[in-house]
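This report looks at a few local features of one protein chain. Please have the sequence and the 3D structure open while reading.

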Amino acid sequence: MLVDAADGRPIDRRVFGTNLPAWARPELLSDPRFHDAATASGTTLIRMPGGSWSNLYDWSGCEQRDPDRCLWTWAARPSDFIDFLQATDLAGMWTVSINETAQSAAAAVAFFNGATDDDRPIGVDRNGVDWGTVGTWADLREQGGNPDPIGISLWEVGNEVFGAQQQTGGSGCADFGWEPVWTCRGAEYITGNSDHDGALEIRAAMLAVDDSIEVGFVGTGDPQNWNNFGNEVIDQAGDALDFYIVHFYGFSSSVDGDEAIRRPPDLWNPVIGAVSQALPASVPIAVTEYNLVSNEVNDAELTMTQTMNGLFLADTLGQLVTLDVPIANQWNLVNGTTTSGTDYGLMSVDRVPFPAFTAMSLWTRTGSTLLSSFGSGNDDIRFYATLHEDGRIVAVILNLAESTEELPVQFDRFEAASGSVESYSAADLTDSEWVESTSRPVFDDPSSITVDLPGWSINLLELVPTSS
């Protein structure tokens, strides 16, 4: 493997995001031990309030625990999310419901980002509700214990709108639809209709409150799928498309371990390629949900809690970084055990880390620049080298083979003074825990670096340069 230490491109650290759903109760979000665990994961960006719940979550009703408006008064409130973000110093990302009015969405921006003395009116919505001023909602935030704006900069309008249920979106929607939204058509989602505000109107109202935010619109992994939903979004949104949202999962059900760990290149290259071809070059892609299995009911083998998912996530992050995806959110930080016994989370509700947790935490120790590397000559090896601002090279190396492999590494325009590697390997791809190795040196002679890679392993190689 040859690495050019002077040839690279920046890594957007927002790619190391995850999700935090509202069904993670306030008691968990306020637990300092959970804060420590979330910080230890290394994640950089938290998307809220969570998947399909986003389209049913009346943010202001839930903030005020109004049982007539909030379906889950026991769930986390917006104030609970603010408290969590403050305690962890993490950036937040919020999904407003496509079912709400433009003024309700604008009030959400005022709640998170507004000043208490801001008397600009938000306006009266299509239902005759007067949403007061920006300060009205900033005051509500202050009542929850947060006088200062939190400054959420990334916003989404709706979740997986293309998957609308027929009973809410009409007979033209899929008979297996899951989202309780009013349309499944990309053009209508953007422009709205006589009864509903579309994404363009919602975005305009939100920007009127805070013009520094970015608002993303729902897309699809192949813009032609779902009745051309993604292409219609791109065409109708025009210059108002701040970023294009993709959700994609490796499989729809439990899968063989070897197939799972080799999936990422065949998954992400076609998806990001198809979307990039359809989008204007200036519009970034945000993969705000991904995991190994899309439907928890079908993950009867609990693969998302196993080492195969750790390797899947590690290589997925490598692929997304290599493909210059700036924003990504794994689904999710903590979920809870589902009806099938599996768990989407990086950790359990008891803060026990799953193997995917380790993959995320190792990746977030990498540098800010992805270096060019060439030719390991081994199809079982994935190699991602990065450069830190302090001059260290940190590489994530995956061994997808069951057997131990040796990887010789050479560097152009870099000389190491010392180096070490730590490894997390699987005795079996269905195990729920890694076999962890201690950090160990990788060379005696700086001119000859060879990394021993245990079978089925994630490895973090760190090299310290010689003094200049």
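## A buried glutamine

A residue counts as buried when its relative accessible area is under 20%. The model discussed here is predicted. Gln306 has a relative accessibility of 8%, so this residue counts as buried. Gln306 sits in the loop that runs between strand E8 (285-289) and helix H13 (307-322).

What is Gln306 in contact with, apart from its neighbours within four places in sequence? The list consists of Glu301, Pro355, Leu429, Thr430, Asp431 and Ser432. For Glu301, a polar atom of the Gln306 side chain lies 2.7 Å from the backbone oxygen.

## Helices H13 and H14

Two packed helices are described by the angle between their axes and the distance between the axes. For H13 and helix H14 (residues 355-363), the angle is about 30 degrees and the axes are 7 Å apart. Angles under 35 degrees count as roughly parallel, and H13 and H14 are therefore roughly parallel to each other.

The crossing of H13 and H14 is right-handed. On the H13 side, the contact is made by Thr307, Asn309, Gly310, Leu313, Ala314, Leu317, Gly318 and Val321. H14 contributes Pro355, Ala356, Ala359, Met360 and Trp363. By type, the residues of this contact are nine nonpolar, four polar and no charged.

## The buried residues of helix H9

Helix H9 covers residues 199-209, and its buried residues are Ala199, Ile202, Arg203, Ala205, Met206, Leu207 and Val209. Which elements do the buried residues of H9 pack against? They pack against strands E4 (91-96), E5 (154-157) and E6 (214-218), and against helices H5 (102-113), H6 (134-143) and H8 (186-191).

Key. Residues numbered from 1 in each chain as written. Predicted model: local features only at pLDDT ≥ 70, side-chain atom pairs only at ≥ 80, totals over all residues. Heavy atoms only, no water. Helix = DSSP H or I, 4+ residues; strand = E, 2+ residues; numbered from the N terminus. Buried < 20%, exposed > 50% of the residue type's maximum accessible area, 1.4 Å probe, protein only. Polar contact = N/O pair within 3.5 Å; in protein donor to acceptor, adjacent residues only side chain to side chain. Contact = heavy atoms within 4.5 Å. Axes fitted to C-alpha atoms, helices over the stretch in contact; angles between N-to-C directions. Parallel < 35°, antiparallel > 145°, perpendicular 65-115°, else oblique. Left-handed = near helix turned anticlockwise from the far one by under 90°. Nonpolar A, V, L, I, M, F, W, Y, C, P; charged D, E, K, R; others polar.
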